[in-house]
Amino acid sequence: FEAQRPGWALPIHQLMAKHGVTIFFHGHDHIFVTQERDGVMYQELPEPADPHYMAYNENAYRTGVKLPNSGHVRVTVSAAEVKVDYVRAYLPQDETAAHKNGEVAYSYTIPAK
């Protein structure tokens, strides 16, 4: 670590855990995944407009809640908690009785510290 990150006190995860980070949002893998480690929630963001509704890169995540595209994440912050909703997006022709555009497919909350 020291050779690759001179001057850094700790690796990124350890820094976030040490300083009380509750959630870290990241993207690029085009899938909805939540993973928790040492009190830090890692939230991979889905692709908002995938007409194939795929779970790309699913095998890269061994744990956590994994859901396919397409959609966005809605974050609501209050004094008591942070609430994260995965809001699915479906094209009109792809909606069914079980899956409607704008449905909340998954939610979780993180209490305030």
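Author: The structure holds three salt bridges. It is a predicted model, in which local features need pLDDT of at least 70 and side-chain atom pairs count only at pLDDT 80 or more, while totals for chains, interfaces and linings use all residues. Residues are numbered from 1 along each chain as its sequence is written, and side-chain values use heavy atoms, with hydrogens and water left out.

Reader: Why is the pair D85 and R74 called a salt bridge?

Author: The term requires a side-chain nitrogen of Lys or Arg within 4 Å of a carboxyl oxygen of Asp or Glu. D85 lies in strand 6 (residues 81–88) and R74 in strand 5 (residues 71–77), so the pair ties together parts that are 11 residues apart in sequence. Strands (E, at least two residues) and helices (H or I, at least four) are DSSP runs numbered from the N terminus.

Reader: What makes R74, K83 and D85 one network?

Author: The side chains of D85 and K83 also meet in a salt bridge, with 3.7 Å from N to O. Salt bridges that share partners join R74, K83 and D85 into one network. K83 has a relative accessible area of 33% and is therefore partly exposed.

Reader: What is noted about the backbone at D38 and H30?

Author: D38 has a positive phi of about 55° although it is not a glycine, and it is found in the loop between strand 2 and strand 3. H30 has a phi near 60°, also a positive value in a residue other than glycine. H30 lies in the loop between strand 1 (23–26) and strand 2, and its 34% relative accessibility makes it partly exposed. The peptide bond from N69 to S70 is cis, with omega near 15°, and S70 is placed in the loop between strand 4 (65–67) and strand 5. Such features are noted because most residues other than glycine have a negative phi, and most peptide bonds are trans.

Reader: What makes a set of residues a nonpolar core, and which residues form the largest one?

Author: A nonpolar core is a set of buried Ala, Val, Leu, Ile, Met, Phe, Trp, Tyr and Cys residues joined through side-chain atoms within 4.5 Å. The largest has nine residues: I23, F32, M41, V73, V82, V84, Y86, Y108 and I110. Strand 6 and strand 7 (104–111) each supply at least two residues of this core, and the largest share, three residues, comes from strand 6.

Reader: Which residues does V73 touch, and what counts as a contact?

Author: Contact means heavy atoms within 4.5 Å. Residues up to four places away in sequence aside, V73 touches F25, F32, L45, P46, V84 and D85.

Reader: Where does H13 lie, and is H13 buried or exposed?

Author: H13 lies in helix 1 (residues 12–18). At 12% relative accessibility it counts as buried. Residues up to four places away in sequence aside, H13 touches R37, D38, V40 and Y42.

Reader: Why is G39 called partly exposed, and which residues does G39 contact?

Author: Its relative accessibility is 39%, so it is partly exposed. G39 is found in the loop between strand 2 (32–37) and strand 3 (40–44). Neighbours within four places in sequence aside, G39 is in contact with V21 and T22. The C-alpha atoms of G39 and T22, 17 residues apart along the chain, are separated by 6.6 Å.

Reader: How many helices and strands are there in the chain?

Author: There are one helix and seven strands, in the pattern α-β-β-β-β-β-β-β along the sequence. Of the 113 residues, 27% count as buried.

Terms used:
Buried means under 20% relative accessible area, exposed over 50%, partly exposed in between (1.4 Å probe, protein chains only).
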